Amino acid sequence: MIHPSYVELMQVVNSDQTEIGEEPVVNSRYSIVIATAKRARQIIGGYEAMVPKAAGKKPLSVAVQELYEGKVKIVGDDDPDAEITQEHSEI
């Protein structure tokens, strides 16, 4: 079982909202699964992991940890070409 849970990931991802009443970035488990899978594919494809001690871990575990630590951000539906950003640069 991967830790943190999807509920904890959703809380972390949605905690960056700036306005009260603003629509959450992630509304479902499906959104978290898609985002982590996309980031895991990027890591497999050669992108460098952004968390320490990533060596030896599976790409999905690294992707989950990156989301949990806020190293990568999920971009809302406003920008269909950029679903995940790495720090401040788009992936």
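This is a predicted model: local features need pLDDT of at least 70, side-chain atom pairs count only at pLDDT 80 or more; totals for chains, interfaces and linings use all residues.
**A chat about the chain**

Biologist: Good to know. How many helices and strands are there in the chain?

Modeller: Three helices and three strands. Starting at the N terminus, the order is α-α-α-β-β-β.

Biologist: Back to α3, then. Which of its residues are buried?

Modeller: Helix α3 covers residues 59-69, and its buried residues are Val62, Ala63, Val64, Gln65, Glu66 and Leu67.

Biologist: And what covers them?

Modeller: The cover includes α1 (6-14), α2 and β1 (72-74).

Biologist: Let's take α1. At what angle do α1 and α3 pack?

Modeller: About 45 degrees, and their axes are 8 Å apart.

Biologist: Which residues make up the largest nonpolar core?

Modeller: There are 11 of them: Leu9, Met10, Val13, Val26, Ile32, Ala35, Met50, Val64, Leu67, Val72 and Ile74. At least two residues come from each of α1, α2, α3 and β1. The largest share is three residues, and α1 supplies it.

Biologist: What lies apart from that core?

Modeller: Another core, of six residues, including Ile43, Ala54, Val62 and Ala63. As background, nonpolar side chains in soluble globular proteins tend to be buried together.

Biologist: Changing topic: is Ile44 buried or exposed?

Modeller: Ile44 is exposed, because its relative accessible area is 65% and the cut-off for exposed is over 50%. You'll find Ile44 in helix α2, residues 29-44.

Biologist: How far apart are Ile44 and Lys58?

Modeller: They are 14 residues apart in sequence, and the C-alpha to C-alpha distance is 9.3 Å.

Biologist: Last one, on the whole chain: what share of the residues is buried?

Modeller: Of the 91 residues, 32% are buried. The chain exposes about 6,200 Å², and 52% of that comes from carbon and sulfur atoms. As for contacts between residues at least 6 apart in sequence, 40% join residues at least 24 apart.

Methods. Residues are numbered from 1 along each chain as its sequence is written. Side-chain values use heavy atoms; hydrogens and water are left out. Helices (H or I, at least four residues) and strands (E, at least two) are DSSP runs, numbered from the N terminus. Buried means under 20% relative accessible area, exposed over 50%, partly exposed in between (1.4 Å probe, protein chains only). Contact means heavy atoms within 4.5 Å. Accessible areas come from the Shrake-Rupley method with a 1.4 Å probe; for residues, only the protein chains shown count as cover. A nonpolar core is a set of buried Ala, Val, Leu, Ile, Met, Phe, Trp, Tyr and Cys residues joined through side-chain atoms within 4.5 Å. Axes are lines fitted to C-alpha atoms, for helices over the stretch in contact, and angles run from 0 to 180 degrees between N-to-C directions.
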